[in-house]
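Please read these comments with the model open beside them.

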Amino acid sequence: MSIIRTPEPSEATGEVAALYQEDLDDLGYVADHTRVMSVNPEAVRAFEALVRTIVAQLGKRRYELVTLAAAQALHSEHCRLAHGRKTLALMEEDELERIARDYRNAGLSEAEVAMMDYAEKLSRASYAMTDADAERLRDLGFTDREIVDITLAAAVRNYYSRAIQALGAAVEVPPDLSDRLRGALLAPL
């Protein structure tokens, strides 16, 4: 549990209550990271709007693959679990498990692997990125807009993951993840 003081769901009002209710509807509980970030509900809604803008152009599959790679690089168990769960709506569990364990050998296209490599490098060492990193994506057919959106998707994951880690939000395992998938998403890489 974080040291940040947050209201109980029964005490929340306004936009905080709305954020809590979204988790209750989706998860059946209010996630600790939601509680912590809802101390600034305007920032949460701005973050959500930015994500929607990126996803509208990049697509959900690409966004989630980039997110999983960035979260992996950041050692963000919070985001690996949450976005692993979200990715189940886009692919079968066995494919997601292979991606979580080793996306480079999971049967993804060369472009998808390159996109995930890019997100991982951005998250580990953005200072070391060069034109060659973006050029690899261009060579695989990504447009400039897609390269910018891949970059934004990885950067937005860095923002959120780092914030909830720094604020000490508890890692919670969504109850509807199988043991096998949970193990893959939490395996050290």
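1. Basis. This is a predicted model, in which local features need pLDDT of at least 70 and side-chain atom pairs count only at pLDDT 80 or more, while totals for chains, interfaces and linings use all residues. Residues are numbered from 1 along each chain as its sequence is written, and side-chain values use heavy atoms, with hydrogens and water left out.

2. Core. The largest nonpolar core contains 47 residues. A nonpolar core here is a set of buried Ala, Val, Leu, Ile, Met, Phe, Trp, Tyr and Cys residues joined through side-chain atoms within 4.5 Å. Buried means under 20% relative accessible area, exposed over 50%, and partly exposed in between (1.4 Å probe, protein chains only). Tyr63, Ile99, Leu137 and Ile150 have the most contacts inside this core. Two or more residues each come from α2 (32-37), α3 (41-58), α4 (60-73), α5 (77-87), α6 (93-102), α7 (110-125), α9 (144-166) and α10 (179-186). The largest share, 8 residues, is that of α9. Helices (H or I, at least four residues) and strands (E, at least two) are DSSP runs, numbered from the N terminus. In soluble globular proteins, nonpolar side chains tend to be buried together.

3. Tyr63. Which residues does Tyr63 contact, leaving aside its neighbours within four places in sequence? They are Val51, Ile54, Val55, Leu58, His83, Ala153, Val156 and Arg157. Contact means heavy atoms within 4.5 Å.

4. α4 and α9. These helices pack at an angle of about 45°, and their axes are 9 Å apart. Axes are lines fitted to C-alpha atoms, for helices over the stretch in contact, and angles run from 0 to 180 degrees between N-to-C directions. α4 and α9 are therefore oblique to each other; angles under 35 degrees count as roughly parallel, over 145 as roughly antiparallel, 65 to 115 as roughly perpendicular and the rest as oblique. Their crossing is right-handed, a crossing being left-handed if the near helix is turned anticlockwise from the far one by less than a right angle, and right-handed if clockwise. From α4, Arg62, Tyr63, Val66, Thr67, Ala70 and Ala71 meet Glu146, Ile150, Ala153, Ala154, Val156, Arg157 and Asn158 of α9. By class, the residues of this contact are 8 nonpolar, 2 polar and 3 charged. Ala, Val, Leu, Ile, Met, Phe, Trp, Tyr, Cys and Pro count as nonpolar, Asp, Glu, Lys and Arg as charged, and the others, Gly among them, as polar.

5. α7 and α9. The angle for this pair is about 45°, with the axes 9 Å apart, and the crossing is right-handed. Met115, Tyr118, Ala119, Leu122 and Ser123 of α7 make the contact with Ile147, Ile150, Thr151, Ala154, Ala155, Asn158 and Arg162 of α9. The contact has 8 nonpolar, 3 polar and 1 charged residues.

6. α7 and α8. Helix α8 (residues 131-139) packs with α7 at about 160°, with axes 10 Å apart. That makes α7 roughly antiparallel to α8. The crossing is left-handed. Ala114, Met115, Asp117, Tyr118 and Lys121 of α7 meet Asp133, Ala134, Arg136 and Leu137 of α8. This contact divides into 5 nonpolar, no polar and 4 charged residues.

7. α5 and α6. In α5, 8 of the 11 residues are buried, namely His78, Cys79, Arg80, Leu81, His83, Gly84, Arg85 and Thr87. The buried residues of α5 pack against α1 (14-27), α4, α6, α9 and α10. In α6, the buried residues are Glu95, Leu96, Glu97, Ile99 and Ala100, and they pack against α4, α5, α7 and α10.

8. His75. Most residues other than glycine have a negative phi, and most peptide bonds are trans. His75, in the loop between α4 and α5, has a positive phi of about 55° although it is not a glycine. His75 is exposed, at 57% relative accessible area.

9. Ala31. Ala31 touches Asp23 and Glu172, not counting residues up to four places away in sequence. The C-alpha atoms of Ala31 and Val171 are separated by 8.7 Å, and the two residues are 140 residues apart along the chain.
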